[in-house]
Amino acid sequence: GRILCQIHFILLFSRQGKLRLQKWYTTLPDKEKKKIIREIVQIILSRNQRTSSFVDWKDLKLVYKRYASLYFCCAIEDQDNELLTLEVVHRYVELLDRYFGNVCELDIIFNFEKAYFILDEFIIGGEVQETSKKTAVKAIEDSDMLQETVEEYMNKPAF
């Protein structure tokens with residue numbers, strides 16, 4: 001599919017500023033990542049709820065949206081489309097909802113590998129593909145088989 005926008009990284013964090021998920025599509029040292037995370041969480045949490053969901057940050061743009069107690073934040077190229085990025089975030093939340101049935105922070109905390117799996121099916125190397133919605137849904141439906149197996153395994157008493 002056509003590449004719609006270039007995402008540098010995606011952060012999911014709570015209203016308390018706790019990082020729940022991070023995905024980097026640019027290579028940076030861990031120390032630098034930690035600094036960026038702190039800075040961005042601070043910027044977004046200090047913003048008025050009624051301000052826009054877009055922030056110019058360094059040479060990038062931050063696009064974020066809050067769903068329940070979680071903030072979903074993407075950093076994109078300055079010339080990339082913010083509305084499209086919001087759509088991407090929304091679609092990721094929809095996929096999580098479809099999978100978890102109304103996703104909440106605890107789902108992400110306890111099933112973060114599932115959340116990463118869904119994200120990886122959806123955004124490939126930081127690039128959102130036009131074809132990704134169909135593929136993502138298909139991959140998630142396929143992974144439901146896996147889910148059942150995992151659940152059976154997890155629910156066995158550990159004697």
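Predicted model: local features only at pLDDT ≥ 70, side-chain atom pairs only at ≥ 80, totals over all residues.
Guide: A cavity is a set of points, on a 1 Å grid over the protein atoms alone, where a 1.4 Å probe fits but cannot get out. Searching the whole structure for cavities of 30 Å³ or more turns up one.

Visitor: How much space lies in the largest cavity?

Guide: About 40 Å³, where a volume is the space filled by probe spheres set on the points, which are joined across faces, edges and corners.

Visitor: Which residues line the largest cavity?

Guide: Its lining (residues with an atom within 4 Å of a point) is made of Ile10, Phe72, Cys74, Val88, Val89, Tyr92, Leu119 and Ile123. Strand 5 and helix 2 are the elements that give two or more residues to that lining. Helix 2 has the largest share, with three residues. Helices (H or I, at least four residues) and strands (E, at least two) are DSSP runs numbered from the N terminus.

Visitor: What is the mean pLDDT of the chain?

Guide: The mean for the protein chain is 84, and 77% of its residues reach 70 or more. pLDDT is the predictor's confidence in each residue, from 0 to 100.

Visitor: Which element has the lowest mean pLDDT?

Guide: Helix 5, residues 132-155, with a mean of 60. Helix 1, residues 30-45, has the highest, at 97. Where pLDDT is low, the coordinates should not be read in detail.

Visitor: New topic. Which residues touch the most other members in the largest nonpolar core?

Guide: Of its 27 residues, they are Ile7, Ile10, Phe72, Tyr92, Leu96, Ile108 and Ile123. Strand 1, strand 4, strand 5, helix 2 and helix 4 (112-122) each give two or more residues to this core. Helix 2 gives the most, nine residues. Apart from this core lies another, of 17 residues, including Ile36, Ile37, Tyr64 and Cys73. A nonpolar core is a set of buried Ala, Val, Leu, Ile, Met, Phe, Trp, Tyr and Cys residues joined through side-chain atoms within 4.5 Å.

Visitor: What is tyrosine 92 in contact with?

Guide: Leaving aside neighbours within four places in sequence, tyrosine 92 is in contact (heavy atoms within 4.5 Å) with Leu12, Leu21, Phe72, Ala115, Tyr116, Ile118, Leu119 and Phe122.

Visitor: And histidine 8, buried or exposed?

Guide: Histidine 8 is buried, because its relative accessible area is 15%; buried means under 20%, exposed over 50% and partly exposed in between, with a 1.4 Å probe and protein chains only. Histidine 8 lies in strand 1, residues 3-14. Not counting residues up to four places away in sequence, histidine 8 touches Lys23, Trp24, Tyr25, Thr26, Leu60, Ala75, Ile76 and Glu77.

Visitor: What phi does alanine 68 have?

Guide: A positive one, about 50 degrees, although alanine 68 is not a glycine. Most residues other than glycine have a negative phi. Alanine 68 sits in the loop between strand 4 (60-67) and strand 5 (70-77), and counts as exposed at 62% relative accessibility.

Visitor: What about asparagine 102, where is its place?

Guide: Asparagine 102 is in the loop between helix 2 (82-100) and helix 3 (105-110). Asparagine 102 has a positive phi of about 65 degrees, again without being a glycine. Its relative accessibility is 62%, so asparagine 102 counts as exposed.

Technical notes: Residues numbered from 1 in each chain as written. Heavy atoms only, no water. 1 Å grid on protein atoms, 1.4 Å probe; cavity = no way out; pocket = protein on both sides within 12 Å on 5 of 7 lines; lining within 4 Å.
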